[in-house]
Amino acid sequence: RLELLRDALPRTRQVAVLFNQDNPGNLRLTLPAMEATAKSLRLELHKFGARGRGDFDSAFAAMAKRRVDAVITTDDAALIANAGAIANLAAKLRLPSIGPIELAVAGGLMAYGVNRLELFRRAATFVDKIFKGAKPGDLPVEQATRFDMVLNLKTAKVLGIQFPPAIMARAERVI
């Protein structure tokens, strides 16, 4: 997502990351990976924790104070469930945003994430195998292999952003 954000908005230097600090995966995996990627892209990453809807206003106020250029959200159930509120707050601050698919659908600028429908189909395959007698512990662990990019041209127009042709060509879906 950081690479896509930088490719779409090359002048971006200060990026806020909105994450749920109660999610251990964010602290142990996601944030360290994002920090390494930001460093390699010469982006400064500013972290803003939010456990849920009640924390968003203060997190976005802090982003405004920090004068970030854009905001990225992590994949977290609490954030995905509040994608509309996050998209609205980003729009109020005129902040380009990128996150899971639900964010772009709710009005965020762009999204890149797993194709949840494909994950549900794969889960059904595992359930079928278990119902047919397979032991769950004997089934292989699988990682997502299909990721989709969604661009929201309505939001881009409001923000005065024109996506480069290379970004447009990569999108699976344009709103």
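Start with the second largest pocket. Its lining is Asn115, Glu118, Leu119, Arg122, Ala123, Phe126, Glu142, Gln143, Ala144, Thr145 and Arg146. By class, that is 4 nonpolar, 3 polar and 4 charged residues. The volume is about 190 Å³.

A word on the source. This is a predicted model, where local features need pLDDT of at least 70, side-chain atom pairs count only at pLDDT 80 or more, and totals for chains, interfaces and linings use all residues. Residues are numbered from 1 along each chain as its sequence is written, and side-chain values use heavy atoms, with hydrogens and water left out.

Now the terms for pockets. On a 1 Å grid over the protein atoms alone, a pocket is an open set of points where a 1.4 Å probe fits, with protein on both sides within 12 Å along at least five of seven lines; lining residues have an atom within 4 Å of a point. Points join across faces, edges and corners, and the volume is the space filled by probe spheres set on them. For classes, Ala, Val, Leu, Ile, Met, Phe, Trp, Tyr, Cys and Pro are nonpolar, Asp, Glu, Lys and Arg are charged, and the others, Gly among them, are polar.

Next, the largest pocket. It holds about 560 Å³. Of its 19 lining residues, Arg1, Thr30, Met34, Thr74 and Asp75 are the closest to the centre. Which element gives the largest share of this lining? Helix α2, with 7 residues. At least two residues each come from α1 (2-8), α2 (24-40), β3 (70-73) and β5. Helices (H or I, at least four residues) and strands (E, at least two) are DSSP runs, numbered from the N terminus. The classes here are 8 nonpolar, 8 polar and 3 charged.

On to the sheet. It is open, with 7 strands in the order β2-β1-β3-β4-β5-β6-β7 and mixed pairing. The edges are β2 (44-49) and β7 (173-174), each pairing on one side only. Two strands pair if DSSP finds at least two bridges between them. β1 and β3 run parallel over 4 bridges, and Leu18 stands opposite Thr73. β3 and β4 are parallel over 2 bridges, with Ile72 partnered by Ile98. β4 (97-99) and β5 (110-114) are also parallel, over 2 bridges; there, Gly99 faces Ala111.

Both faces of β3 are covered: Ala70 and Ile72 are buried on one side, Val71 and Thr73 on the other. Buried means under 20% relative accessible area, exposed over 50%, partly exposed in between (1.4 Å probe, protein chains only).

Now the cores. A nonpolar core is a set of buried Ala, Val, Leu, Ile, Met, Phe, Trp, Tyr and Cys residues joined through side-chain atoms within 4.5 Å. The largest has 27 residues, and Leu2, Met110 and Phe163 have the most contacts inside it. Its largest share, 4 residues, comes from α1. Beyond four places in sequence, Met110 contacts (heavy atoms within 4.5 Å) residues including Leu4, Ile98, Met149 and Phe163. A second, separate core of 18 residues includes Leu18, Ala50, Ala87 and Leu89.

Arg42 has a positive phi of about 60° without being a glycine. Arg42 sits in the loop between α2 and β2, and counts as exposed because its relative accessibility is 73%. Arg94 also has a positive phi, near 55°. Its loop joins α5 (83-92) and β4, and at 48% relative accessibility Arg94 counts as partly exposed.
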